[in-house]
Amino acid sequence: MNPPPADTAPRPPRRRIHTRARLLAAARELFLSVGFARTSIEDVCAAAGYTRGAFYSNFGGKEELLLALFDDQAAQRMAELAELAAACEALAPRERAQRLVEALLRVEPTESGWILLFLEFRLVAARTAALAEQVAAHDRAVARALAEVLERALPELVPPGASADQAATVVLAAREGLLARTAAGGAVAEDLLTATAAVLSGLLDGSDR
């Protein structure tokens, strides 16, 4: 009796979504530890265990990879803010606003790396028109997501005569500048955060007048 034929069918390729996720995870660790400029596509491929072909089947280049990471990080932060906004709906307007402002200004230990990475990439993108537009598109998408939160849960931060999109754009720009100046931590960072909280509290207090 002849033995059953061996299964010679090729193994199904790994799902593209899995490959993309592993590349993103490897890139996140490398970018946050050594920065954008010092990380190469080869480094990402080696860390993820894939070839350059696998990389280019998912991303057009290192810049596209980093923008995808920024999109994921922003989506996570907006989801956290929206969840907090929903939890604060029963609070008085001023207290609700203060809670959400604190959440916007909160700096987690791991977030300093993201701040430095985004600042580094902004400088790179500023020298290339096409890349600068991609960063601007990312900024607009994040501002729109924040505007939706403001419209629903934090209308106090939208001054008369301005739209929620405009308010969100200013809030994000101010937050980025604030976090950039506090990324190193220390007494200077604490003083700046205290001053910012005091100014915002004054604005919120004035919103009821």
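Helices (H or I, at least four residues) and strands (E, at least two) are taken here as DSSP runs, numbered from the N terminus. On that basis the chain contains 9 helices and 0 strands, giving the pattern α-α-α-α-α-α-α-α-α along the sequence. The model is a predicted one, in which local features need pLDDT of at least 70 and side-chain atom pairs count only at pLDDT 80 or more, while totals for chains, interfaces and linings use all residues. Residues are numbered from 1 along each chain as its sequence is written, and side-chain values use heavy atoms, with hydrogens and water left out.

Of the 209 residues in the chain, 35% are buried, a class that means under 20% relative accessible area, with exposed set at over 50% and partly exposed in between (1.4 Å probe, protein chains only). Contact means heavy atoms within 4.5 Å. Among contacts between residues at least 6 apart in sequence, 64% join residues at least 24 apart.

Leaving aside residues up to four places away in sequence, valine 44 touches Leu23, Ala26, Ala27, Leu30, Thr39 and Leu65. Arginine 22, 22 residues from valine 44 in sequence, is 9.5 Å from it in space, C-alpha to C-alpha.

Next comes a pair of helices. Two packed helices are described by the angle between their axes and the distance between the axes. For α7 and α8 the axes come within 8 Å and cross at roughly 115°; axes are lines fitted to C-alpha atoms, for helices over the stretch in contact, and angles run from 0 to 180 degrees between N-to-C directions. On the α7 side, the residues that meet α8 include Val142, Leu146 and Leu150, and their partners in α8 include Ala164, Ala168 and Leu172. By class, this contact of α7 with α8 has 10 nonpolar, 1 polar and 3 charged residues, where Ala, Val, Leu, Ile, Met, Phe, Trp, Tyr, Cys and Pro count as nonpolar, Asp, Glu, Lys and Arg as charged, and the others, Gly among them, as polar.

Finally, the pocket. A pocket is an open set of points on a 1 Å grid over the protein atoms alone, where a 1.4 Å probe fits, with protein on both sides within 12 Å along at least five of seven lines; lining residues have an atom within 4 Å of a point. The lining of the largest pocket comprises 24 residues, with Phe118, Val142, Leu172, Arg175 and Glu176 nearest its centre. By class, this lining has 14 nonpolar, 3 polar and 7 charged residues.
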